[in-house]
Amino acid sequence: MNASLFVLALMDGVSYAALLFLVALGLTLIFGVMRVLNVAHGSLYAWGGYFAATLGLAITSLTLPPWLALPALLVAAIVIGGLLGTVLELTLLRRILDKDPILQLLVTFAAFMVLEDLQRLIWGVQPVFVSGVVDQLGTLEVAGVTYTRYQLLVLPAVAIAAFVGLRWFLGRTALGRQVTAVTHHREVATAMGVNTGRVMWLTMALGGMLGALGGALASPTTSFTPGIGADMMVLSFAVVATAGLGQIGGAALAALLIGLARSFAVYLMPELEVLMPYLIMVLVLLVRPEGLFSTVAARRI
Amino acid sequence: MASNRIVLVAGALLAAVVAVTAAAPWLKTPVLLALANGLAVCGVIVLIRAGQVSFGHAMFASLAGYGVAFMGRAWQLDALLLIALGTLGAALAGALIGLFMVRYRGIFFGMLNLAFSMVLFSVLGKFGHVTGGTDGLRFDRPTFAGQTLERAGFETALLALALVLALAAGWVVMRYFASANGQALAAIKTNETRLEYLGISAKRVFWGGYVLSATLCGLGGSVFALTQGLVTPEMGYWVRSGEIVFIAILGGSGHALGAFIGAFVFEFVKLYAAALLTGAWQMVLGLVLIVMVFVAPTGIFGLLSRRLAGAGASR
Amino acid sequence: MKRTLLKSLALAAATWALGHGSALAQDKPAELKIGITTFTSGAASVFGVPAKAAAEMLIEDINKAGGIGGLKVVPTFIDEGIGGDKMLSEYRRLVQEQGVRTMLASISSGNCNIIAPVAEDLKVLNVMWDCGTEKILEAKRYQYVVRTQANATTEMVATVLYLMKHRPDFKTVAVVNQDYAWGRDSWEIFINTLKVFKPDVRVVAEMFPKLGASDFSTEISRLQALRPDVVLNTSWGGDLDTFVRQAGQRGLFRGNTTFVMPLLESSLERLGAAVPEGIVAGARGDHYWAHPETASDPRHKDFVARFKAKTGANPIYPAYHMAQALFGLKAGYEAAIKANGGKWPAPEQVAAAMRTLKFKAFGREISMREDGQGLEAQLLGVTKRDPRYPFAVIDQMVLVPAELVTTPVGQQSGNWVKSINPALAKVLTTSQFQTHAFK
């Protein structure tokens with residue numbers, strides 16, 4: 001494989017990883033705080049994408065200025081992700097916190113089933129695609145291959161911004177520190193006077209927004225059809241499991257690892273492309289069951 | 001619930017199944033599918049007893065099903081032999097994978113199972129020259145106990161066999177739960193460390209339970225394959241594994257009878273919801289599950305046993 | 001294989017003799033119930049929903065004109081999207097519980113594979129109205145199963161011929177197909193046929209992204225780096241939409257590569273301005289609302305107008321396939337009734353009648369063969385932008401006659417395409433291959 005193909009594979013891997021990272025970020029955040037694996041997260045991705053497409057169509061049909069398209073994606077994600085996250089938290093997650101972990105998983109699985117059908121009832125079965133944003137930003141050439149500026153610049157930029165923003169929020173703001181405290185030990189945090197109910201609602205809303213953001217950013221370049229939520233769910237899960245549940249920095253590296261593995265596979269061994277994320281997940285989990293970056297926790301007897 | 005009551009309920013269900021399928025022959029297929037599902041669910045309730053849930057157990061059903069398809073196409077074996085070999089294959093796979101799997105608990109156990117099942121799913125879909133790809137493998141109807149049967153006769157024979165297998169599986173699972181190994185398995189959920197203090201290897205007990213669960217899933221997968229005459233990678237998709245766990249909770253994860261009750265309810269709701277409310281059956285089932293988790297976490301079987309126990313106690 | 005073929009022929013002959021020997025008149029039912037399987041959920045519903053709309057419209061027409069054989073047609077729709085096993089249960093329920101003897105199934109080749117032997121077992125007439133797999137009718141001689149449209153071999157061989165007419169000198173070819181039976185098989189037929197005419201063509205890349213993939217950027221990068229002369233893409237639905245849009249965004253269409261998309265017709269309206277000019281487009285048969293020979297036919301115009309009023313878009317190939325199946329069914333029943341002396345025919349009589357039928361839907365006449373396979377001309381063309389429409393249209397249309405490009409009765413496609421005589425290429429300059437402009 002020569003140098004230029006290497007660079008190409010690198011570029012493709014990075015932009016794919018950016019999307020994966022955003023979705024996985026939401027998932028791992030929710031798990032960290034609530035200790036529940038939100039199987040409905042894939043649906044948040046799908047809803048984010050569909051809603052962003054609807055907003056995009058509204059912008060063109062109301063002949064609003066086209067530069068609104070990019071901010072519209074962000075707005076769409078914030079609105080629908082926050083809304084769905086809040087609804088899920090209030091109606092379901094809040095009430096299952098002390099139940100059997102199996103039941104918790106199943107409730108989010110049931111929520112996934114409901115959201116999938118609702119999505120189909122609302123947006124139908126035809127593929128949905130609104131690409132104005134990408135066309136506006138134009139293209140640039142790398143190693144003789146044309147990439148869209150959106151894919152090469154916007155996606156990684158948003159992913160990095162989300163990462164840095166989240167780190168800053170968790171590390172430097174009071175509310176963020178409360179979230180971190182609840183992640184470490186919910187009971188002690190409550191004993192210390194942290195309003196854990198509010199923290200959990202906030203986390204769920206934030207996690208939902210991140211998942212929906214992944215979908216919203218994917219919508220200008222991808223056709224959204226029924227079933228896209230289920231596929232993204234298991235992929236983001238692979239990222240989160242590889243990184244270690246609750247690990248934010250690790251999720252970035254795991255997303256890069258999986259994104260690059262996939263894109264290199266397309267160039268070198270195309271038949272293995274689909275396998276790569278799960279193969280990596282199996283290998284990592286066999287060696288380090290808690291994920292690559294998890295911290296060692298003392299065992300409580 | 002007293003054991004003779006259980007026998008009564010099981011007997012009543014059995015009679016109902018026989019009567020209904022005799023009256024409406026087209027019902028044989030959904031009943032067979034429900035029984036196949038029920039067998040897989042029995043496998044999952046073994047794991048639930050240990051407090052663990054696997055989001056990948058459909059892979060054992062898938063392995064067995066593909067084994068049946070391969071052998072049916074290559075060697076035209078008898079149906080009974082196919083079921084036996086398919087199940088054996090799943091058991092062996094379970095034994096092998098179990099060797100790694102038993103070191104994990106909780107969410108990591110669930111995740112690793114999921115990972116394995118998705119690798120299998122991707123492989124089955126990709127290597128189409130061998131596995132038939134995403135369209136799957138078809139195989140012709142085999143002989144049954146040496147007899148070449150027409151479709152109607154074959155299905156009746158398969159149904160009878162499936163009923164026998166279901167009863168046997170249910171009995172085996174309940175005996176296992178009552179046995180020393182089964183009790184030790186339950187201890188993994190409550191307090192694994194104390195189990196080790198007793199000198200019992202939790203890993204070995206768990207391994208035994210894992211192999212049993214894989215075998216039951218394999219049995220279900222073989223029956224499924226023979227009913228359809230077709231196996232597809234979808235048999236092993238993660239949503240399928242989730243449905244199996246769903247049914248376990250819906251029916252009641254404490255007793256094998258719950259597994260079958262849940263499987264029948266699931267199958268028929270899906271069939272009629274799909275016919276009447278095309279496009280909303282998943283939502284209906286999802287809402288049902290949420291209600292069940294809050295109202296009746298011990299499942300339909302739990303509700304039933306409370307009812308019947310209450311009736312008995314008030315005498 | 002020859003032995004199996006002889007055995008099946010003998011069996012078919014024996015059954016036919018037996019069938020004709022016994023009294024075949026059935027009691028005339030009160031109405032003609034038919035079952036139709038189609039995708040109303042899932043990715044393939046982009047085909048299934050328009051087809052259902054066409055079925056409802058056309059059945060209403062047929063009933064207004066007196067029905068089939070004087071009987072009202074009553075359809076029941078089964079959603080293929082509920083999964084192969086559930087669909088099979090529904091199919092059998094319709095046959096065994098509700099006594100339906102005529103079925104139209106299916107869109108998915110996988111489902112056709114499941115259903116064909118079941119229909120034969122249950123002794124119901126099964127018309128394969130949309131699935132393209134050639135393997136079913138080639139593997140075995142069926143008595144109850146027929147197909148009122150072409151198959152994958154016809155479609156892909158016609159595509160090769162059109163490509164050679166459109167761009168005779170190309171040296172390299174690449175493929176990006178969905179990774180499942182259709183994607184793999186269509187490539188096999190295409191490249192094996194191509195090698196007959198161009199033995200030294202070079203395949204520079206074979207990429208099979210999974211069905212439902214949402215991101216083709218890596219595949220597009222690779223194509224840009226390799227710059228092949230021809231790229232084949234037999235994808236449909238969301239996959240094709242995504243590929244076309246992503247390729248357009250990345251400027252993949254600006255180079256010297258000719259893209260060949262045999263299923264593009266069904267995506268043209270949806271994709272709108274995203275489709276550039278110069279793509280070789282197919283329609284899985286001679287279907288197009290602007291068909292060069294039948295666009296001004298009043299019956300066709302009326303169908304297009306009413307379809308558009310009902311669904312908001314022009315009809316696409318699944319709607320036309322449904323029309324072919326319904327018209328073929330009607331013609332088959334009428335022929336069978338006549339042959340049966342006016343009495344209501346049994347399913348096997350209708351199937352037998354359909355195997356010698358010639359009928360017309362909204363394109364050229366379709367003739368049915370003794371093995372149940374329909375001979376349907378193939379429409380291929382090149383995309384062009386027309387200021388009157390917000391979407392691309394097909395120009396330079398050629399109607400490839402089916403007889404030239406369909407596997408003969410009794411042969412397997414895999415072998416036949418490799419044995420095509422390269423001299424067939426001479427037909428490209430004859431009047432059979434004349435180009436029609438879009439009007």
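Biologist: Why does Met281(A) count as buried?

Modeller: A residue is called buried if 20 or more other C-beta atoms lie within 10 Å of its own, exposed if 12 or fewer do, and partly exposed in between, with C-beta atoms placed from the backbone. Met281(A) has 28 C-beta neighbours inside 10 Å and therefore counts as buried. This is a predicted model, in which local features need pLDDT of at least 70 and side-chain atom pairs count only at pLDDT 80 or more, whereas totals for chains, interfaces and linings use all residues. Residues are numbered from 1 along each chain as its sequence is written, while chains are lettered from A, and ligands numbered from 1, in the order in which they are written.

Biologist: Which residues does Met281(A) touch, not counting residues up to four places away in sequence?

Modeller: Contact here asks that the C-beta atoms of two residues, placed from the backbone, lie within 7 Å. By that rule Met281(A) touches Ala238(A), Ala241(A), Thr242(A) and, from another chain, Ala115(B). Met281(A) itself sits in helix 12 (residues 276-287) of chain A, where helices are DSSP runs of H or I with at least four residues and strands are runs of E with at least two, numbered from the N terminus. The C-alpha atom of Met281(A) is separated by 7.6 Å from that of Val239(A), although the two are 42 residues apart along the chain.

Biologist: Which helices of chain B each supply at least two residues of the side that touches chain A, and which of them gives the most?

Modeller: The contact takes 34 residues from chain B and 33 residues from chain A. On the side of chain B, helix 5 (106-126), helix 10 (238-251) and helix 12 (281-295) each supply at least two residues, and helix 5 gives the most, with twelve. That side has 26 nonpolar, seven polar and one charged residues, where Ala, Val, Leu, Ile, Met, Phe, Trp, Tyr, Cys and Pro count as nonpolar, Asp, Glu, Lys and Arg as charged, and the others, Gly among them, as polar.

Biologist: How many residues of each class are on the side of chain C that touches chain A?

Modeller: In this contact, 28 residues come from chain C and 34 residues from chain A. Helix 2 (45-64), helix 8 (217-226) and helix 9 (237-249) of chain C are the elements that give two or more residues to the side of chain C. By class, that side has five nonpolar, 15 polar and eight charged residues.

Biologist: Why are helix 7 of chain B and helix 9 of chain B called roughly antiparallel?

Modeller: Angles run from 0 to 180 degrees between N-to-C directions, and axes are lines fitted to C-alpha atoms, for helices over the stretch in contact. An angle under 35 degrees counts as roughly parallel, over 145 as roughly antiparallel, 65 to 115 as roughly perpendicular, and the rest as oblique. Helix 7 (residues 151-178) and helix 9 (residues 202-228) of chain B pack at about 170 degrees, with their axes 12 Å apart, and are therefore roughly antiparallel to each other. The residues making the contact include Leu158(B) and Leu165(B) of helix 7 and Leu212(B) and Leu219(B) of helix 9. They divide into ten nonpolar, one polar and no charged.

Biologist: How do you know that the radius of gyration of chain B agrees with a compact globule?

Modeller: The radius is taken over C-alpha atoms, and the globule rule is 2.2 Å times the number of residues to the power 0.38. For 315 residues a compact globule would have a radius of gyration near 20 Å, and chain B, with 19 Å, agrees. Of the residues of chain B, 57% count as buried; Ile45(B), with 27 C-beta neighbours inside 10 Å, counts as one.

Biologist: What makes the radius of gyration of chain C agree with the rule?

Modeller: With 439 residues, a compact globule would have a radius near 22 Å, and the 22 Å of chain C agrees. Its C-alpha trace spans about 65 × 50 × 45 Å along the principal axes. An automatic or database domain assignment provides the bounds of domain 1 (2-150 + 300-375) and domain 2 (153-283 + 377-433) of chain C. The C-alpha centres of these domains lie 29 Å apart, and 21 residues of domain 1 are in contact with 23 residues of domain 2.
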